[in-house]
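I opened the model to look up a few local features. My notes follow below.

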Amino acid sequence: MAKRDFYDILGVSRTADEKDLKAAYRRLAKQYHPDANPGNAEAEHRFKEINEAYETLKDPQKRAAYDQFGHAAFENGGFGRAGAGFGPDFSSTMSDMFEDLFGEFMGARRGGRRQSSASRGADLRYNMEITLEDAYLGKTAQIRVPTSVTCDVCDGSGAKAGTSPKVCPMCAGAGRVRATQGFFTVERTCMTCQGRGEVIADPCTSCGGMGRVNRERTLSVNIPAGVEDGTRIRLASEGEAGLRGGPPGDLYIFLSIKPHQFFQRDGADLFSRVPVSLTTAALGGEIEVPTLDGKKARLRIPEGTQTGKQFRLKGKGMPVLRSHQYGDMYIQVAVETPVNLSRRQRELLEEFERESHNKNNPESEGFFAKAKAFWEGFAD
């Protein structure tokens, strides 16, 4: 049976360039690949035809010979039959095709590069609890961190003193090896050197060939004024040492702030609930309240101050991180009812009650007036 024209097989014109040939080949190879057509003899035959045609036309010399002599150019020992006999170039062609078409599914990468034997160390996390005063003033703290550091004996190489890592005999330093499976050549990471291209025949006795050892380090951490709960501070290159001389990772300090006995924080503002005696709230006066810098602030309480009244002390809050600004402090008054009254104190309060006739408690008088109307509405 006469062989079909290679251009007809690929569905391209005789003037098609390399890009058009490859596009046609990719499309048809996907369509007729045996994996996509299991048990289909016709698809398998078409797949062989497509590969034979593309193998010939993608090579400029073979294509020129085919254009001049047709199929006869490859008979009687010409260029050798491409594809049908699966000649010496067919395996490399199929390997290229496999990586182009199916590399994204199999994880193959053409020209896979060797991994460096030195890999970056891991990042570390350190949780630090500070006081609200520390967050207000800022501080420099000393911390002790268990981590991996570069081995001093081998200087991080992992090899015994006087020796050095050798080129991997399995992959010849490439870090990857190829294996032929049927039509395809598949590239994999070298299992001997784990893709590093080097092996250590005589490892360092101090670090066991890792190039790093475990040790506790003391580090200084600068905590700026104004940090908030959950702030993360990065110490570059203070993490775990890299494997076999690789660069170190980073250390991340995560801050948490302890609850305070007087203050609650909301951003740069501070809030405090301050009890005030009944007489001070009724008659007015001045009180002293603590501030976070350890000082005192005087607060004037107006006559007739009620529970829940809030006063603002401007600029007495937290510093704003990396600025010269401060938030405010808010004082919420809680009027305290006296307890453990003496007989005389009770007599004075009873006398006050008789004299007031509810004129001194407008809020309660208004509330019970509304309550009375509410009950009368149900009585109707």
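For surface patches I took residues with over 30% relative accessible area and no salt bridge, and joined nonpolar side chains within 5 Å. The model is predicted.

I looked for a nonpolar patch and found one of about 440 Å², made by Phe374, Trp375 and Phe378. I placed Phe374 in helix α9, residues 362–379.

Entry on helix packing. I checked α3 (residues 41–57) against α4 (residues 60–69). Their axes are 6 Å apart and the angle is about 105°. Angles of 65 to 115 degrees count as roughly perpendicular, so α3 is roughly perpendicular to α4. Which residues meet there? I listed Glu55, Thr56 and Leu57 from α3, and Lys62, Arg63 and Tyr66 from α4. By class, I noted two nonpolar, one polar and three charged residues in this contact.

Entry on salt bridges. I got a count of 22. I looked up Arg120 with Asp250, whose closest N and O atoms are 3.5 Å apart. Arg120 sits in the loop between α5 (90–106) and β1 (124–130). Asp250 sits in the loop between β8 (232–235) and β9 (251–257). The pair therefore ties together parts that are 130 residues apart in sequence.

Conventions: Residues are numbered from 1 along each chain as its sequence is written. This is a predicted model: local features need pLDDT of at least 70, side-chain atom pairs count only at pLDDT 80 or more; totals for chains, interfaces and linings use all residues. Side-chain values use heavy atoms; hydrogens and water are left out. Axes are lines fitted to C-alpha atoms, for helices over the stretch in contact, and angles run from 0 to 180 degrees between N-to-C directions. Helices (H or I, at least four residues) and strands (E, at least two) are DSSP runs, numbered from the N terminus. Angles under 35 degrees count as roughly parallel, over 145 as roughly antiparallel, 65 to 115 as roughly perpendicular and the rest as oblique. Contact means heavy atoms within 4.5 Å. Ala, Val, Leu, Ile, Met, Phe, Trp, Tyr, Cys and Pro count as nonpolar, Asp, Glu, Lys and Arg as charged, and the others, Gly among them, as polar. Patches are made of residues with over 30% relative accessible area and no salt bridge: like charges are joined within 9 Å, nonpolar side chains (Val, Leu, Ile, Met, Phe, Trp, Tyr) within 5 Å. Accessible areas come from the Shrake-Rupley method with a 1.4 Å probe; for residues, only the protein chains shown count as cover. A salt bridge is a side-chain nitrogen of Lys or Arg within 4 Å of a carboxyl oxygen of Asp or Glu.
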